[in-house]
Amino acid sequence: MEIKPIDQEGTYTLPEAQADRFMLKCSIQYPSLEDERIIMRKNVEQSFEKVESVLDLNTILKSRELVRGIFMEEKVEKYILDIVFATRYPEKYGLSELKPLISYGGSPRASINLALASRAHAFINGRAYVTPEDVRLIAKNVLRHRIGTSFEAEAENIFSENIIDKIIDKIQVP
């Protein structure tokens, strides 16, 4: 379940073309009761911990360069393309039941960002190569704001995450 702000006065939903420019849309849940108790106390007491820098700018820039150099096999590239193309042409992937639920699928930015995010996931996990599991684990964050759901999907309480799950389950893992 996605948590949405109650009051959005002065804010507006971005048009699809602008939202597509963001690499990820992460779903963040409410804190646990204990975590919120700590947040509440620290705010009331104004006892905030000092934030320490853990990386400098040069390390971040070098890491970005290393991420782009992470190896990705052609079969993993094809896996990414199949996932994204299934958001556009679900019937070609044996997912005809999704066609009426999708008003638009992922753009070429979806493929680009899924490849980059998968490389970053591999890097964070200490690997110099991307696995299909990297793609599967990061796909929702990359695609959830890039798949438009139809009125039919909304009426049936089907969200982009549900569509992504069905696609990930159907597309053959290399």
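Which hand does the crossing of helix 4 and helix 6 have? The crossing of helix 4 and helix 6 is right-handed. A crossing is called right-handed when the near helix is turned clockwise from the far one by less than a right angle, and left-handed when anticlockwise.

The model is predicted: local features need pLDDT of at least 70, side-chain atom pairs count only at pLDDT 80 or more, and totals for chains, interfaces and linings use all residues. Residues are numbered from 1 along each chain as its sequence is written, and side-chain values use heavy atoms, with hydrogens and water left out.

**View 1. The whole chain.**
The chain holds eight helices and two strands. Their order from the N terminus is α-α-α-α-β-α-α-β-α-α. Helices (H or I, at least four residues) and strands (E, at least two) are DSSP runs, numbered from the N terminus. The C-alpha trace spans about 60 × 45 × 30 Å along its principal axes. Of the 174 residues, 31% count as buried. Buried means under 20% relative accessible area, exposed over 50%, and partly exposed in between (1.4 Å probe, protein chains only). Among contacts between residues at least 6 apart in sequence, 72% join residues at least 24 apart. Contact means heavy atoms within 4.5 Å.

**View 2. Helix 4 against helix 6.**
Two packed helices are described by the angle between their axes and the distance between the axes. Helix 4 covers residues 74-88 and helix 6 covers residues 132-143; their axes come within 11 Å and cross at roughly 30°. That makes helix 4 roughly parallel to helix 6. Angles under 35 degrees count as roughly parallel, over 145 as roughly antiparallel, 65 to 115 as roughly perpendicular, and the rest as oblique. Axes are lines fitted to C-alpha atoms, for helices over the stretch in contact, and angles run from 0 to 180 degrees between N-to-C directions. From helix 4, Val76, Tyr79, Ile80, Ile83 and Val84 meet Pro132, Val135, Arg136 and Leu143 of helix 6. By class, the residues of this contact are eight nonpolar, no polar and one charged. Ala, Val, Leu, Ile, Met, Phe, Trp, Tyr, Cys and Pro count as nonpolar, Asp, Glu, Lys and Arg as charged, and the others, Gly among them, as polar.

**View 3. Helix 5 against helix 6.**
Helix 5 (residues 108-124) packs on helix 6 at an angle of about 130°, with the axes 9 Å apart. Helix 5 is therefore oblique to helix 6. The crossing is right-handed. Helix 5 contributes Ala110, Asn113, Leu114, Ala117, Ser118, His121 and Ala122; helix 6 contributes Asp134, Val135, Leu137, Ile138, Ala139, Val142 and Leu143. The contact of helix 5 with helix 6 has ten nonpolar, three polar and one charged residues.

**View 4. Salt bridges.**
A salt bridge is a side-chain nitrogen of Lys or Arg within 4 Å of a carboxyl oxygen of Asp or Glu. The count by this rule is ten. One of them joins Asp82 and Lys78, at 2.8 Å from N to O. Both residues lie in helix 4, four residues apart, about one turn of the helix. Asp82 is buried at 15% relative accessibility, whereas Lys78 is partly exposed at 48%. Lys99 and Glu91 also pair, at 3.9 Å from N to O. Lys99 is partly exposed, with a relative accessible area of 42%. Glu91 is partly exposed too, at 34%. Arg127 bridges to Asp134, with the closest N and O atoms 2.7 Å apart. Asp134 is buried at 1% relative accessibility.

**View 5. Ser150 and Phe151.**
Ser150 sits in the loop between strand 2 (148-149) and helix 7. Ser150 is buried, with a relative accessible area of 11%. Leaving aside neighbours within four places in sequence, Ser150 is in contact with Pro100, Leu101, Ile102 and Ser103. Phe151 belongs to helix 7 (residues 151-155). Phe151 is exposed at 73%. Phe151 and Leu137 are 14 residues apart in sequence and 28 Å apart in space, C-alpha to C-alpha.

Most residues other than glycine have a negative phi. Gln46, not a glycine, has a positive phi near 50°. Gln46 lies in the loop between helix 2 (33-45) and helix 3 (57-68), and is exposed at 63% relative accessible area. Asn157 also has a positive phi, about 55°, although it is not a glycine. Asn157 is in the loop between helix 7 and helix 8 (160-170). At 57% relative accessibility, Asn157 is exposed.
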